[in-house]
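Please walk through this structure with me, one element at a time. The sequence and the fold are shown next.

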Amino acid sequence: MTLASSKIAATALARAALAALAAAALAPAAQAQDTTPVVLTFSTVGDSRQDPNTYDQASVGATLNGQDATWLQNTKAFSRILRTIQSQKSTMLFFNGDMINGYGWANYGYTSNATQSAITGPVAPATTADIVGSDLMKHYRQYAFWRGIVAPLPETGTYVFPVPGNHETECKACPKNSDGQKVSKVENEQAYAANMGDLIVDTARFASVLGSAPANVAYGPAVGYSPDSLTTDQSKLSYSFDFQGLHFAVINTDPVGQETSAPAAWLAADLAAASGRGARRFFVFGHKPAFTYAYAPGVAGSGLDATVTTTARRDAFWNVIEQYHATYFTGHMHTYNISRPLGGAYQVIVGSGGSPFDASAAQAAAGVLTNPATDRDYAWATVKVHADGGVDILGYGFNASFGPTQLLGQYFIAP
Amino acid sequence: MTKTLLASLCLAAACALPAHATTVVDTGTPDGQAVGSLAFDSADWVAGQISFASDSTIDAIQGHVLAGTAGETFDISLFANDGGVGPGSLLYTTTATFAGDGWNGVSGLTGWNVAGGASYWVEFEVQGGDTLDGTALIDLGAPSALAHTVSTSDSGFHYDSSPLSFGLRVDASTVSAVPAPASGALMLAGLAWLSLLAFARRAR
């Protein structure tokens with residue numbers, strides 16, 4: 001630096017160096033704590049679907065643009081997240097559900113109304129409008145648009161893994177179950193499998209993106225096999241694999257007949273098998289959080305802790321997570337929060353991929369948000385796994401006004 | 001006497017050379033905290049508006065960067081002002097190497113000439129063949145933030161009403177076509193001293 005050529009400048013340099021040293025001494029370490037090489041980087045986010053009625057006007061404007069009003073995505077937020085994830089050199093993206101607004105009944109002849117408060121059917125379609133307006137058609141159309149948005153990722157180094165969410169599997173207007181939960185429909189599960197199944201898990205394509213194939217690919221329980229009292233084919237909704245000594249498991253948290261529940265028994269067997277193979281780390285991805293994040297006073301349980309019944313099943317699920325020191329990545333709540341609910345395993349909520357924020361602009365203005373700096377951020381997590389098994393979880397995001405991308409949080413799991 | 005005159009001319013010529021580099025922009029050191037810093041990758045860049053009192057040549061530019069890997073590279077560029085809303089045309093660009101958390105940049109620049117009274121934008125960006133890791137950060141919290149900054153996160157251009165307090169240091173050398181007043185005075189003092197020596201020699 002040419003400053004050294006001047007005595008005055010040299011003094012300034014020395015002063016600045018002292019200031020820098022003082023700042024370094026006072027400030028927390030900026031670098032990751034693990035200095036061994038990063039062997040794998042992946043990202044995760046969920047909930048990019050837009051809502052046709054209750055979109056966040058403070059963020060996206062008074063009216064949706066024609067594109068997002070038709071295909072029900074927050075394209076601006078989600079596409080920006082995808083571009084940044086790729087610039088961060090993530091080789092895998094786990095999308096934690098609610099890629100479509102869905103919420104209908106993707107069965108022949110069923111049609112929900114505009115607010116999805118009522119559903120009619122089965123009625124054989126008599127006109128083109130009947131077909132185009134049907135729930136089945138809407139689900140498929142929205143899936144296709146989302147697939148188009150993520151299609152470039154595998155071509156440029158990032159394999160995409162889908163996770164089913166309640167908007168894919170449940171029917172909003174259908175009668176609720178005895179526990180007050182919306183019910184999932186087998187036809188919705190089938191629509192999901194039809195539109196996502198090619199990604200679960202295409203080992204050849206995975207190998208072409210990441211250089212080597214995943215190992216020990218396992219699929220969720222088929223019909224008739226019910227360690228978790230499941231009755232429908234889950235082979236495309238829950239699945240797992242090993243890669244580079246790490247184990248990844250995706251679970252359906254809203255299977256038909258067991259809505260708002262994780263397949264704890266299947267997962268326990270899956271993680272036990274992976275542990276037996278010597279897996280060093282366990283990463284689990286599901287749509288609904290195990291523990292609801294109270295972003296403001298009075299927030300009701302909307303995750304796996306929604307009711308007494310589901311909470312009991314949640315406990316069984318979380319015991320598995322804790323037993324294997326797994327990390328649970330989730331969506332559903334349209335916000336960002338990373339925590340250790342019971343002081344052990346991490347729960348990473350990143351259901352902030354574009355859907356209307358749970359924390360409203362009015363709540364932000366009233367100053368009642370728990371984490372006002374991040375509760376209304378579009379956010380995702382990028383995870384860096386080090387050679388020694390250490391893990392950095394980095395939360396990134398930008399605010400509702402689409403400001404600059406910031407590091408929202410940094411967490412380290414020791415080897 | 002001829003030697004005396006030559007010495008005087010040399011002294012005067014020396015006085016007309018560009019001044020040594022001085023720090024013309026210094027925001028102070030940011031807080032060094034990763035959380036809250038800006039993403040610094042191929043999808044995100046920042047720029048800040050600076051100006052110069054007189055015609056100058058920029059010698060060095062540094063930014064406060066965190067969480068890279070030593071040896072990785074990023075770009076530092078200078079843009080013209082496009083009328084007050086952000087960077088206009090690209091004037092100069094160079095590649096910098098990340099050395100470690102803290103001030104990182106380039107020195108020994110040549111030909112980065114700027115006009116006095118004009119505004120410019122210094123930009124930090126990861127692009128092209130740059131190798132800076134995708135999770136590097138632009139540190140915020142500088143005590144004397146620039147008044148005007150812009151950023152983009154690949155979804156558009158952000159002119160920040162609340163300036164981004166990233167760290168920036170710019171060193172520049174003033175370029176002067178005629179001796180500055182102080183230099184002129186020094187030259188006159190030199191001539192007077194030489195005349196005094198000549199007078200004393202004649203008196204002996």
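Start at a strand pair in chain A: A:Ile338 stands opposite A:Val348 in β14(A). The two strands here, β13(A) and β14 (residues 347-350) of chain A, pair in the antiparallel sense over 4 bridges. Strands are DSSP runs of E with at least two residues, helices are runs of H or I with at least four, and both are numbered from the N terminus. Two strands pair if DSSP finds at least two bridges between them.

A word on the source. This is a predicted model, in which local features need pLDDT of at least 70, side-chain atom pairs count only at pLDDT 80 or more, and totals for chains, interfaces and linings use all residues. Residues are numbered from 1 along each chain as its sequence is written, while chains are lettered from A and ligands numbered from 1 in the order in which they are written.

Now widen the view to the sheet. An open sheet of 7 strands in chain A has the order β8-β9-β10-β11-β12-β14-β13, with mixed pairing. Which strands stand at the edges? They are β8 (215-219) and β13 (336-339) of chain A; each has a single partner strand, so one side of each is left without a neighbour in the sheet. On average, neighbouring strands are turned by 15° against each other, direction ignored.

Axes are lines fitted to C-alpha atoms, for helices over the stretch in contact, and angles run from 0 to 180 degrees between N-to-C directions. Helix α11 (residues 264-276) of chain A also packs with helix α12 (residues 308-323) of chain A, at an angle of about 5° and with the axes 9 Å apart. The two helices are therefore roughly parallel to each other (angles under 35 degrees count as such). On the α11(A) side the contact uses A:Ala264, A:Leu267, A:Ala268 and A:Leu271; on the α12(A) side it uses A:Arg313, A:Ala316, A:Phe317 and A:Val320. Residues are in contact if their C-beta atoms, placed from the backbone, lie within 7 Å. By type, the contact residues divide into 7 nonpolar, no polar and 1 charged. Here Ala, Val, Leu, Ile, Met, Phe, Trp, Tyr, Cys and Pro count as nonpolar, Asp, Glu, Lys and Arg as charged, and the others, Gly among them, as polar.

Look at A:Arg313 in helix α12 of chain A. Is A:Arg313 buried or exposed? A:Arg313 is buried, because 20 other C-beta atoms lie within 10 Å. The cut-offs are 20 or more other C-beta atoms within 10 Å for buried, 12 or fewer for exposed, and partly exposed in between, with C-beta atoms placed from the backbone. Leaving aside neighbours within four places in sequence, A:Arg313 is in contact with A:Ser261 and A:Ala264.

A:Thr260, in the loop between β10 and α11 of chain A, has phi near 60°, a positive value in a residue other than glycine. A:Thr260 is buried, with 30 other C-beta atoms within 10 Å. A:Lys89 also has a positive phi, near 65°. A:Lys89 is partly exposed, with 18 other C-beta atoms within 10 Å.

Two cis peptide bonds deserve a look. One joins A:Gly121 and A:Pro122, with omega about 0°. Another joins A:Ile200 and A:Val201, with omega about -20°.

Elsewhere in chain A, strand β1 (residues 38-45) and β15(A) pair in the antiparallel sense over 6 bridges. β1(A) also runs parallel to strand β2 (residues 92-95) of chain A, joined by 4 bridges.

Turn to chain B, with its 2 helices and 13 strands. Of its 204 residues, 42% count as buried. B:Val122 lies in strand β9 (residues 119-125) of chain B and counts as buried, with 25 C-beta neighbours inside 10 Å.

Finally, consider the largest nonpolar core. Of its 131 residues, A:Val284, B:Phe40, B:Val122 and B:Leu137 touch the most other members. Such a core is a set of buried Ala, Val, Leu, Ile, Met, Phe, Trp, Tyr and Cys residues joined through C-beta atoms within 7 Å. Strand β15 (residues 377-386) of chain A gives the largest share, 6 residues.

Key
Angles under 35 degrees count as roughly parallel, over 145 as roughly antiparallel, 65 to 115 as roughly perpendicular and the rest as oblique. Two residues are in contact if their C-beta atoms, placed from the backbone, lie within 7 Å.
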